[in-house]
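Please check each point against the structure as you go.

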Amino acid sequence: MEILKEREQSHLLKGLIYLDKRIDLNETDKRYLVNLQKGFKGERCFDDLVKTILDKEMIVLNDLLLVSNGTTFQVDSIIITSNTLYLFEIKNYSGKYIRNSDGLSTIQGQDVANPMIQLSRMESFINQLLKEWNSTSKVEANVVFVNPLFSLYNAKIDDPILMPNQIEEYLLKINSRSRMLTKEQHYLANRFRKLENSGMPMQKQLPYYNYEELKKGLSCKNCGSFELLITQRSCYCKSCFFKSSVGEVILNNIEEMQFLFPELKLTTTNVNNWCGEVVHFRKIRKILKDHYIAAGETSGRVYE
Ligand SMILES: [Zn+2]
């Protein structure tokens with residue numbers, strides 16, 4: 001099994017995580033962040049099963065944003081085998097839901113977007129692409145509910161869904177049916193990748209922020225807390241007990257600064273200010289010298 005495209009945190013999710021540490025996000029953005037994090041966690045959980053179970057020859061593509069004729073399709077996972085293309089729409093819902101004629105609702109009666117409709121649109125879009133690319137591959141699509149705390153009442157036997165206790169069995173079935181890949185499957189995988197790179201992703205933007213209002217200081221990579229115990233070499237988080245070297249923490253915080261303020265020059269002064277001046281100036285200079293390339297004179301030297 002070859003993972004041709006690994007799943008990564010989206011630009012938006014990363015940005016919101018960084019901002020959440022340093023400003024008070026409004027209610028909407030905060031909720032949005034929590035949902036994105038929950039979704040990402042669910043997808044990762046599915047990826048772990050895929051990595052553990054699938055050991056035959058096949059290609060996995062995660063988190064594809066496909067653009068065609070002005071329409072964007074987000075595909076959580078595609079597994080390409082010798083004769084079938086498996087599509088997955090991954091949901092990390094928890095709690096009790098009811099399947100009714102319109103779709104899904106919570107047990108309290110609140111309607112939620114029906115992932116099966118989303119799935120069926122995606123399936124016809126992929127079928128159309130395969131036809132254009134002269135492929136005879138079959139398509140099998142499913143909504144995967146990964147959370148063991150999810151239950152669904154009134155589901156139909158032919159609903160394209162996998163409940164948490166069915167995922168493993170389904171992946172084992174894919175594994176046992178899989179045969180050697182040919183050129184065609186590699187061709188398909190490359191076509192998907194090309195299609196992905198051809199369009200601009202349409203994403204919700206990060207909320208407005210400016211440098212001054214953001215909290216300065218070194219934050220824990222694991223939990224985001226600023227409550228760090230810093231010694232000469234090591235750094236210990238008082239909130240989650242995560243331990244790392246001071247160098248690692250500084251590099252993580254530099255990454256956040258560059259992500260949120262790409263136009264801000266990488267100088268000792270700027271990094272020192274961003275890190276809340278909690279470590280010695282010389283330490284920061286050494287980290288920059290060791291990990292980046294210096295340009296310019298000693299004073300006001302910029303690193304790249
Ligand atoms: Zn922590």
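1. The second largest pocket has a volume of about 310 Å³, where a pocket is an open set of points on a 1 Å grid over the protein atoms alone, reached by a 1.4 Å probe, with protein on both sides within 12 Å along at least five of seven lines. Grid points are joined across faces, edges and corners, and the volume is the space filled by probe spheres set on the points. This is a predicted model, in which local features need pLDDT of at least 70 and side-chain atom pairs count only at pLDDT 80 or more, whereas totals for chains, interfaces and linings use all residues. Residues are numbered from 1 along each chain as its sequence is written, and side-chain values use heavy atoms, with hydrogens and water left out.

2. The lining of the second largest pocket (residues with an atom within 4 Å of a point) comprises 15 residues, and those nearest the centre are Ile17, Tyr18, Lys21, Lys221 and Glu256. Helix H1 (11–22), helix H2 (27–53) and helix H6 (246–260) are the elements that give two or more residues to this lining, and H1 gives the most, with four residues. Helices (H or I, at least four residues) and strands (E, at least two) are DSSP runs, numbered from the N terminus.

3. By class, the lining of the second largest pocket has five nonpolar, four polar and six charged residues; Ala, Val, Leu, Ile, Met, Phe, Trp, Tyr, Cys and Pro count as nonpolar, Asp, Glu, Lys and Arg as charged, and the others, Gly among them, as polar. Because domain 1 (2–197) and domain 2 (228–303) both give residues to the lining, the second largest pocket lies between them, with the domain bounds coming from an automatic or database domain assignment.

4. The zinc ion is coordinated at 2.3 Å by the SG atoms of Cys220, Cys223, Cys237 and Cys240, donors being N, O and S atoms within 2.8 Å of the metal (3.2 Å for Na, K and Ca), and since water is not among the atoms, sites may look incomplete. The four donor atoms subtend angles of 107 to 114° around the zinc ion, which makes the arrangement tetrahedral, a term that requires all angles of four donors to lie between 85 and 135 degrees.

5. Along the chain, the donors of the zinc ion follow the spacing C-x2-C-x13-C-x2-C. Cys220, in the loop between helix H5 (183–197) and strand E11 (228–230), and Cys240, in the loop between strand E12 (234–237) and strand E13 (243–245), are 20 residues apart and link distant parts of the chain. Cys220 is buried, with a relative accessible area of 3%, whereas Cys240 counts as partly exposed at 24% relative accessibility; buried means under 20% relative accessible area, exposed over 50%, and partly exposed in between (1.4 Å probe, protein chains only).

6. Two residues deserve a look at their backbone angles. Most residues other than glycine have a negative phi. Asp63, whose place is in strand E2 (residues 59–68), has a positive phi near 55° and counts as buried at 17% relative accessibility. Asn134, in the loop between helix H3 (115–132) and strand E8 (138–145), also has a positive phi, near 55°, but is exposed, with a relative accessible area of 70%.

How values were computed:
Four donors count as tetrahedral if all angles lie between 85 and 135 degrees; four count as square planar and six as octahedral if opposite donors are over 155 degrees apart and all others between 65 and 115; anything else is irregular.
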